[in-house]
Amino acid sequence: MKGAVLGLDVGSTTTKATLFLGEGGRWRVAGQATAPTTVEAPVEDVMVGTREALHRLEQSAGVALLDERGELVRPRTGDRGVDATAVTSSAGGGLQMLVAGVMREITAESAERAALGAGAIVVDVLAIDDGRTPVEKVHVIRNLRPDMVLLSGGTDGGGVSHVVALAEVLRAARPRPRFGEGFRLPVVYAGNVRARPHVEEQLAEDFVVSFVPNLRPVLEREEPGPARQEILRLFLEHVMAHAPGYPRLLEWAGGTILPTPVAVGAAVRHLAGKWRGNVLAVDIGGATTDVFSVAGGVFNRTVSANLGLSYSSPNVFARASFANLVRWLPFPVSEDELRNWIANKMVRPTVLPETVEELMVEHALAREALRLSFREHLRLARELKGIQLQRTIADIFSPKVSGAPLVEMRTVDAIIGSGGVISHAPRSGQPLLMMLDGLEPEGVTELYWDRGFLLPHLGCLVESDPELGGRLLEENLVHLATVIAPVAPRARPGTQICEMVIRRGGTVSREIVRQGDFRLFAWYRGEVVDVELRPARSADVGAGPGKLVRTRLEGGEHGVILDARGRPLVPPEDEGLRRDWLLGTMEFLDAYPAAALSTWRGDRAG
Amino acid sequence: MEGPVPSQVFPELEGTVSAVQVTLIRRERRLPFPGEVLVEPGQVVEPHTVVARTTLVPGMPHVVEVARELGVEPGEVPRYVLKAPGDRVTTGEILARADRGLAGVRECRSPCDGVVEMILAGHGQVLVREDARKAAPVVWVDVARRLDVPPHRIRAFLRVREGDEVRAGEVIAQGMEGMMADRVYAPATGVVEQVDTRTGGVAIRRPHRPAEVDAYLAGRVVEVFPQWGAAIAARGYEVAALFGIGGEAYGPLRVAVGGPEDVLGAPAIGGDDNGKVLLAGSLVTGDALRRAREVGVRGIISGGAHQGDLVSFTGREIVVGITGQEADVTVVLTAGFGRRAMDAGLFAELASHEGRVVSLNGTTQVRAGAVRPEVLIPLEPAP
């Protein structure tokens, strides 16, 4: 098969273009280029940044894609143009939605999940019990300028007063959409069906209201599907069509632009199906960190809207604390310096790190953003709250709590790291460390790196051409390492927590694993090794405390890593020991220039 | 007072807000809910002129399912309703009654104190609008989680009790020395209503106030939006700054430092700065911010400020670059965080308007659809 596929991702700060070329059944990434996204003032035309990215791609890859008028040549004629496109967008901060529900913990949370599942960023969640006055709610709505509103609340046939109250607040606020003056804001109503006439009466004049089935028709059931589909339809037909330059981009895209997180989700689902395992994926952006999981066949996506590395980096600081951030830095820095640097990153989001110190601060922020957003994922990816589960005698002894998490780290088979700070890291040891320290995998886990940020393009392609998209996905993800991480609560450093029996190339060897170990086995790609993990009675390598695990491992670019530094990961308290501990892992994975690392070792010695 | 030295770890930043030109400034001033507009087209207004007012914020609508409760068809509901639209009702007062013969008399009562707003025959419902004054909002603060202490022990860490009045930003609980998140601040002004040792939370009930909008900008009323407000316009300077805290403020400008590189410290702020907007240079210190609050300064325009100082001044973390209501002194930064000199041209331009009433707003949304903080210097009302 021969052809050319253009991947375009119009992000909140940069537009990324990737060209995939296929010849003789083999496909390769022929080139990548980026340009600033131009959806906002002063340019206000997304096509300007898109064409610029394509011009750069033409130059870097030595190909021709555009004609004399700057239009994309499609289908490919001769050596010019492309056969297919895969276009995704999170420009303008993606699809920004305001979500409203009656009870914060029940319908509002269901609505939040539905919006997140549709690829949205939830800018605020309004609820009757959120502690704000109607006046404050009106001010909040007016200030936010969302792209769409999802209004829910009440089970079918239940009380309608509160939903009507929310609709009234919405009408009073009459929020201005971000793009397109004179455009009426879309509202998806997915609440109590009995309140529909009231909602229509309140909102029909100023909004485009669409009614979909209640997403929480009864307390025990959540049905987000229809709301999600309607959100996606309105995103394409309504919001995107009004964003400056998008109608043209939609033509280039053959009518389909997926929100970036929807495409990444499709890629993750595809891989989980192919690998037949539990998969976790993270995408750290400037404004948000998205977490995707497929566990036991159930897909979940959460967006930590305020845990990104530029616009919301001060929130990462605030949530993580100074102490938790500096534990990842091998050099001294004052709280004022760190706070100011991070806040300046917020107001100048496109500035890239210039020094190793700045890069390390970004990576420290990324570790904490991962840690916090994974915790949020666990909070949202759970069974429904607000329901009485039937109890049996056995439950009295092990009560089943309503709202139990659906994902457990020790059952995750593979983790994929994506997003600017991870995908564009200069050395492969850096994404590896960010994922190890930020997510703390447990048991046996394969770690993958989305180098070059291809997941959005390939996820989009998987939707239109599963065979080609799937193949490109597997070929382009970098297997960084397979990690073995025994969990031994309360084990003291140096105590034996596991024994490894290794069968490799006809020989059998044994290794003793002690608490605190961080080791590398040089078993690289293509080599398969059988390993038996025999944990101590209180230690867990994935199957439960003291339970043996037999597994067949294949190493990655960094081989197989044994990470017995402990879970949760707590660096030594002593400042000198902590720095040695940190510099040790950085040197071990060749994550940063040796010269810089030796300076800080020298600093300490001096 | 000498400010802290620039960062030893990170390099200097480029790009600050620089000088501006005279333009037509227009601001729309709208009520949150409909009310009365108090100005006329063409009228010249000062920033403090009240443009529109609404005395009663609508209370919660309660939809009473009369048909269902009485067991009658929706279309029959008007026959059984004892009240007319506009009637006042109290909690528990009978709204509708149906004599069902052998099935007995069924009644339907008002769920709240308020006014009957409509009778919806088609749906068999009656809408009762609750009296807003009876429904003061409550703000819930999860003290146990913020301090990471067991809920039943929160009283040991609280500085307030039930019935105490608190101001927004006041410390209401403090953890032990050395704990990471060691303070909890009141998110709103009000009265402590409840300390719940079961959930570890504190409830603060907030007072009701009528909603008003002022002109904010000295200028001319160029458009009236009936029931909602008006648009004010003036010719003058409009500076879109980088970051700010606090909402709208205005006052006469005073140049409080010698030049764009200078630091504004507490000693440079005196009692006669009450009601004024101060122009600083490269930094406003944390002490100066607190002094400004003490004497009643309305706003400060500065090149830079330490992010940590702004956090301790407002009593809350600055998290996603969305600010606006958190401080009683509005601060607008033109160059960034840390000590950062204001653009010399901008400083000179601003300083040349010393004594003139300026308007400023710290509200910032860094993200897309961005809202930038602003400084407005109206020179004359729009024609």
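Partly exposed here means a relative accessible area between the 20% below which a residue is buried and the 50% above which it is exposed. B:Glu380, at 41%, is therefore partly exposed. Keep in mind that this is a predicted model. Here's a quick tour of its charged and aromatic contacts.

**Salt bridges**
- Over all chains, the structure holds 59 salt bridges.
- One of them pairs the side chains of A:Glu168 and B:Arg129, at 2.5 Å from N to O. A:Glu168 sits in helix H4 (residues 161-173) of chain A and B:Arg129 in strand S10 (residues 125-130) of chain B, so this pair joins two chains. A:Glu168 is buried at 14% relative accessible area, and B:Arg129 counts as buried at 12%.
- A:Arg371 and A:Glu368 also meet in a salt bridge, at 2.4 Å. Both lie in helix H12 (residues 356-380) of chain A, three residues apart, or about one turn of the helix.
- B:Glu380 and B:Arg235 meet at 3.0 Å. This pair links distant parts of the chain, with B:Glu380 in strand S30 (residues 374-381) and B:Arg235 in strand S19 (residues 229-240), 145 residues apart. B:Arg235 is partly exposed too, at 37%.
- Salt bridges with shared partners tie A:Arg367, A:Asp437, A:Asp563, A:Arg565 and A:Arg567 into one network.

**Aromatic rings**
- Nine aromatic pairs turn up over all chains. Among them, A:Phe317 and A:Phe322 have ring centres 6.5 Å apart and planes at 40 degrees, so the pair is tilted. A:Phe317 counts as buried, at 4% relative accessibility.
- B:Arg30 lies over the face of B:Phe225, 4.3 Å from the ring centre.
- B:Arg293 lies over the face of B:Phe313, at 4.1 Å from the ring centre.

Conventions: Residues numbered from 1 in each chain as written. Chains lettered and ligands numbered in written order. Predicted model: local features only at pLDDT ≥ 70, side-chain atom pairs only at ≥ 80, totals over all residues. Heavy atoms only, no water. Phe/Tyr/Trp six-rings, centres within 6.5 Å; stacked < 30°, edge-to-face > 60°. Buried < 20%, exposed > 50% of the residue type's maximum accessible area, 1.4 Å probe, protein only. Lys NZ or Arg CZ within 6 Å of the ring centre and 35° of its normal. Salt bridge = Lys/Arg side-chain N within 4 Å of Asp/Glu carboxyl O. Helix = DSSP H or I, 4+ residues; strand = E, 2+ residues; numbered from the N terminus.
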